[in-house]
Amino acid sequence: MSNSIRSLTRGARWVVAGAFVLAGAAWAGSQTPTLQRLQIVQQWLQHQAELQASLNLNASQTAAWQALQAEQRALFMQGRTQLSEAADLARSELSAPDADLAGLAATLETEVDLWMADQRALRARKLAFYETLSAEQQAVLREELIHRMERAESLRDTLLQLATTAP
């Protein structure tokens, strides 16, 4: 694996970790978490519907697209549940006077690795779907990926700013 790919992989892990941290902080610190989550979900669903419409999918592509979207939502919900459980476990372990930080870190790392394996498997299915699309449809999805990368870079920049200004 090239150094640039390793760097991207490490960077992706930091983005995922940062997204979990920010999502957890936003969720825990919000005054109206239910309303905010509903708004985020509505925005995401609207964006996905617009993307699907812009792809002009045929019937079999639509079925495959919808199956991938359902799988992505299920994986997100699973990750959200795991994050909550991991936070509870961490709070419990950290409150103990003889806290096993190495054990906690190993447990959390295992959970993240399992979640990442599920994400990789889903990505493989998404790539297989991509190969079924026409050149025009592929161009639409590549443009979407560029926008997602830009948002991830913005998140990374925000995380770096927080890290460099934190006491």
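**Exercise 1.** Decide whether Glu144 is buried, partly exposed or exposed.

*Solution.* Step 1: take the cut-offs, where buried means under 20% relative accessible area, exposed means over 50%, and partly exposed lies in between (1.4 Å probe, protein chains only). Step 2: Glu144 has a relative accessibility of 6%, so Glu144 counts as buried.

The structure is a predicted model, in which local features need pLDDT of at least 70 and side-chain atom pairs count only at pLDDT 80 or more, while totals for chains, interfaces and linings use all residues. Residues are numbered from 1 along each chain as its sequence is written, and side-chain values use heavy atoms, with hydrogens and water left out.

**Exercise 2.** Find which residues are linked with Glu144 in a network of salt bridges.

*Solution.* Step 1: side chains of opposite charge can pair when their charged atoms come close. Step 2: apply the rule for a salt bridge, a side-chain nitrogen of Lys or Arg within 4 Å of a carboxyl oxygen of Asp or Glu. Step 3: the closest N and O atoms of Arg148 and Glu144 are 2.9 Å apart, and the two form a salt bridge. Step 4: Arg151 also forms a salt bridge with Glu144, with 3.8 Å between the closest N and O atoms. Step 5: Glu144, Arg148 and Arg151 are therefore linked in a network.

Arg148 and Glu144 both lie in helix H5 (residues 135-165), 4 residues apart, about one turn of the helix. Helices are DSSP runs (H or I, at least four residues), numbered from the N terminus. Arg148, at 33% relative accessibility, is partly exposed, and so is Arg151 at 46%.

**Exercise 3.** State how far apart Val112 and Gln82 are in sequence and in space.

*Solution.* Step 1: Gln82 is one of the buried residues of H3, and Val112 lies in helix H4 (residues 101-131). Step 2: they are 30 residues apart in sequence and 9.1 Å apart in space, C-alpha to C-alpha.

Terms used
Helix = DSSP H or I, 4+ residues; strand = E, 2+ residues; numbered from the N terminus.
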